[in-house]
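How can a folded chain be read from its side chains?

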Amino acid sequence: MRKLLLLGFCISLFVPTAMQAQYLRSSYFMEGSSTRMQLNPASQPKRGYVNLPVIGSLTAEVSSNSLGIQDVIDIFDSDGEFYNNDKFYNRLKGMNELNISLNTDVISFGFYKGKSFWSFNVGARVDVDATIPKTMFEYLRAVDVENFNWEGQQAFNIQNEKLRLNSYIEVGAGYSRAINERLTIGGKAKLLLGAGNINLKINQLYISAKEAGIDSELQLKADAYLEASAKGLDLEEENGYITNLDYNNFGISGYGAGFDLGASYQVMKNLTFSAAILDLGFISWGKSSTQIAESNKNTIINKDNYGDSSEVLDFELYGLQKKENKSRTTSLSPTMVLGGEYGLLDNKLGLGLLSTTRFGQLKTYSELTLSANYRPNTLINASLSYSMIQGGETFGIAFKVGPLMLGTDYMYFGNNSKHVNAFIGLSIPLGKKSSD
């Protein structure tokens, strides 16, 4: 896979700032934590806060429907030989999905004013979604590109390989208010400054060898489309075709807006329901920062112009040619949140059920989380969770002791873990404790 495209491009935007995954679901019912507001802007913490830069909120998350964490690392680190590993190959599904979500709050604080709670943040986010068909790995295993030699199968029909990357800076202001003793509502408005967006679709890549051997010719058909918006992102060309993407600068190339909306309602003394919709928004990318390329390739090629690349994302095969640049608008990936909790022992213990559905650009992801939450006071909060996710189930844990909070929704159970995240936060209490 293009290491500079997926790894270097993502990290170079935000290092050395902290990286925080989308949400820590295990914190949703932790009343002493400010992190829960990320999942529902109506969820007021017990008191105000100021998050420390970098270590105030630090998380990373990787998930896949087929590959373990070590497999993902091997894709980035290896020189292309990982796909020849039989154990790796046997773990693949017909369509392999990968999601990486990273973000940071460089500035983040909140405070009470009467019955209202105000919050502000300046942060950044990167979302990467990819789908890779198993036929692409079959092709890589069968073809010795350096010697232009095919073993066994002489035709490959690779379809629906996709890559989407979205990165932006967020400047947000949140507000929540208790309407009465039962109902609390909240919302957050966000100014979005687009750092980069890539949308690559390989609808079909058909490769057929007329003859096997060193003197073979290939028939190559490609149906692909690329939209890329970013300052400093260049499409490298050779003989009129795109051969690579090169990123060498950081800048703002798009502007947009987003909204979070939430509510919480206490049905009875011990039972509370809540709901939220997050990341409703868009980013408009300027024409001067946007590049478009489309394939129109149905030709016979030989060893001399076949190239020497053997990567999952191989631009030399797509036949992409530059088209006229134009402005474009992209949407965020909204998340719907539904929660319910029953309190016990004077609300010091809570049993919660949380449903989250993320409407991704490539696929919709759903998760159901059961949790037991212990909160004897504002200084100590703890949560144990069990999540049922697409492709399996996992355990999580989170605890807060004073200003320090640690947590994970997906415990690490070795290199074959398909979902992993971890959270560390450090904040300074601000103002007086709110009245219950």
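Across the whole structure, a search finds 13 salt bridges. The model is a predicted one, and every value below is computed from it. One of the salt bridges joins the side chains of Arg 375 and Glu 31, with a distance of 3.9 Å from N to O. Salt bridges are counted here up to a limit of 4 Å between such atoms. Arg 375 lies in the loop between strand S20 (364–374) and strand S21 (380–389), while Glu 31 lies in the loop between helix H1 (3–14) and S1, so this pair ties together parts that are 344 residues apart in sequence. Are these two residues buried or exposed? Arg 375 is buried, and Glu 31 is buried too.

Another place to look is Lys 190. Its side chain meets that of Glu 170 in a salt bridge of 4.0 Å, N to O. This pair links distant parts of the chain, as Lys 190 is in strand S8 (residues 183–209) and Glu 170 is in strand S7, 20 residues apart. Lys 190 has a relative accessible area of 5% and is buried. Glu 170, at 10% relative accessibility, also counts as buried, because the limit for that word is under 20%.

Lys 190 has a salt bridge with Asp 279 as well, and here the closest N and O atoms are 2.7 Å apart. Asp 279 is in strand S13 (residues 271–285) and Lys 190 in strand S8, so far as position goes 89 residues apart, and the pair again links distant parts of the chain. Both Asp 279 and Lys 190 are buried. Which residues belong to the network of salt bridges that includes these? The linked residues are Arg 125, Glu 170, Lys 188, Lys 190, Asp 260 and Asp 279.

Next come the nonpolar side chains. The largest nonpolar core has 47 residues. Those with the most contacts inside this core are Phe 137, Tyr 139, Leu 200, Leu 205, Leu 226, Tyr 318 and Leu 320. Strand S9 (residues 217–230) gives the largest share of the core, seven residues. There is also a second, separate core of eight residues, among them Tyr 28, Phe 29, Ala 276 and Val 337.

Leu 226 and Ile 198 are 28 residues apart in sequence, and their C-alpha atoms are 7.4 Å apart in space. Ile 198 is in strand S8 and counts as buried at 2% relative accessibility. Leu 320 and Ser 295 are 25 residues apart in sequence and 4.2 Å apart in space, C-alpha to C-alpha. Ser 295 is found in strand S14 (residues 290–295), and at 11% relative accessibility Ser 295 counts as buried.

Val 106, Ile 107, Val 122, Val 171 and Leu 191 make a nonpolar surface patch of about 350 Å². Val 171 is in strand S7 (residues 155–178). With a relative accessible area of 34%, Val 171 is partly exposed.

The last topic is the aromatic rings. A pair of aromatic rings is described by the distance of the centres and the angle of the planes. The structure holds ten aromatic pairs. In one of them, Tyr 49 and Phe 117 are stacked, at 6.3 Å centre to centre with 20° between the planes. Tyr 49 is in strand S1 (residues 48–51) and Phe 117 in strand S4 (residues 116–133), 68 residues apart, and the pair links distant parts of the chain. Both residues, Tyr 49 and Phe 117, are buried.

Why is the pair of Tyr 386 and Phe 395 called tilted? The ring centres of Tyr 386 and Phe 395 are 5.3 Å apart and the planes are at 50°, so the pair is tilted. Planes under 30 degrees apart would count as stacked, and those over 60 as edge-to-face. Tyr 386 is partly exposed, with a relative accessible area of 27%. Phe 395 is partly exposed, with a relative accessible area of 45%.

Tyr 49 and Phe 117 form one aromatic cluster with Tyr 112. A ring can also have a charge over it, and Tyr 89 is a case of this: the charged end of Lys 134 sits over the ring of Tyr 89, 4.7 Å from its centre. The charged end of Arg 141 also sits over the ring of Tyr 89, 4.0 Å from the centre.

Methods. Residues are numbered from 1 along each chain as its sequence is written. This is a predicted model: local features need pLDDT of at least 70, side-chain atom pairs count only at pLDDT 80 or more; totals for chains, interfaces and linings use all residues. Side-chain values use heavy atoms; hydrogens and water are left out. Rings of Phe, Tyr and Trp (its six-membered ring) pair if their centres lie within 6.5 Å; planes under 30 degrees apart count as stacked, over 60 as edge-to-face and the rest as tilted. Helices (H or I, at least four residues) and strands (E, at least two) are DSSP runs, numbered from the N terminus. Buried means under 20% relative accessible area, exposed over 50%, partly exposed in between (1.4 Å probe, protein chains only). A charge sits over a ring if NZ of Lys or CZ of Arg is within 6 Å of the ring centre and within 35 degrees of the ring normal. Patches are made of residues with over 30% relative accessible area and no salt bridge: like charges are joined within 9 Å, nonpolar side chains (Val, Leu, Ile, Met, Phe, Trp, Tyr) within 5 Å. Accessible areas come from the Shrake-Rupley method with a 1.4 Å probe; for residues, only the protein chains shown count as cover. A nonpolar core is a set of buried Ala, Val, Leu, Ile, Met, Phe, Trp, Tyr and Cys residues joined through side-chain atoms within 4.5 Å.
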